[in-house]
Amino acid sequence: MILQPVAIDLSEGSPYSVYFPNLPGCNAIGNSVEEALENAKEAATAHIEILINDREDIPSSVNITELMLLHEYKKCVWALVEIFL
């Protein structure tokens, strides 16, 4: 299991966007927060599997507090998602 921080953008309403700051290019959307998080888990699993197959490093988790200070995530709420490989 890998824990990854995600930023959930609630500012525009549905569909909700989910971003993985540790996994550039990996994101998901959903019509509800629950759906967006489920889609995010699937997207992150696929993204990490590609990294493994390409023998690239899997980014380790970072401090969410530091991420919260970044301008691009000012309107987001944060969560940790469990990725099972």
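**Notes on the model**

1. Asn22 has a relative accessible area of 8% and is therefore buried, the cut-off being under 20%. The model is a predicted one, and the remarks here should be read accordingly. Asn22 is placed in the loop that runs between strand E2 (16-19) and strand E3 (27-30). Its side chain has a polar partner: the side chain of Gln4, in a polar contact of 3.4 Å.

2. The largest nonpolar core comprises 15 residues, and Val6, Val18, Phe20, Leu23 and Ala44 are those with the most contacts inside it. At least two residues of this core are supplied by each of strand E1 (2-9), E2, helix H1 (33-53) and E4. H1 gives the largest share, namely five residues. In soluble globular proteins, nonpolar side chains tend to be buried together.

3. Trp78 belongs to strand E4. With a relative accessible area of 18%, Trp78 falls under the 20% cut-off and so counts as buried.

4. Leaving aside residues up to four places away in sequence, Trp78 touches Val6, Ala7, Pro21, Ile64, Leu67, Met68 and Tyr73. As for Leu67, its C-alpha atom is separated by 9.3 Å from that of Trp78, the two residues being 11 residues apart along the chain.

5. Leu23, one of the residues with the most contacts inside the largest core, touches Gln4, Ala44, His47, Ile48, Leu51 and Pro59 when residues up to four places away in sequence are not counted.

6. Residues up to four places away in sequence excluded, Ser17 touches Ala7, Ile8, Asp9, Ala28 and Ile29.

7. On the surface, a nonpolar patch is formed by Met1, Leu3, Leu80 and Phe84, which together have about 430 Å² of accessible area. Leu80 is located in strand E4 (residues 76-83). Because its relative accessibility of 47% lies between 20% and 50%, Leu80 is classed as partly exposed. Strand E4 accordingly holds both the buried Trp78 and the partly exposed Leu80.

Technical notes: Residues numbered from 1 in each chain as written. Predicted model: local features only at pLDDT ≥ 70, side-chain atom pairs only at ≥ 80, totals over all residues. Heavy atoms only, no water. Helix = DSSP H or I, 4+ residues; strand = E, 2+ residues; numbered from the N terminus. Buried < 20%, exposed > 50% of the residue type's maximum accessible area, 1.4 Å probe, protein only. Polar contact = N/O pair within 3.5 Å; in protein donor to acceptor, adjacent residues only side chain to side chain. Patch = residues over 30% accessible without salt bridge, like charges linked within 9 Å, V, L, I, M, F, W, Y side chains within 5 Å. Areas by Shrake-Rupley, 256 points an atom, 1.4 Å probe, with all protein chains shown as cover. Salt bridge = Lys/Arg side-chain N within 4 Å of Asp/Glu carboxyl O. Core = buried A, V, L, I, M, F, W, Y, C linked by side-chain atoms within 4.5 Å. Contact = heavy atoms within 4.5 Å.
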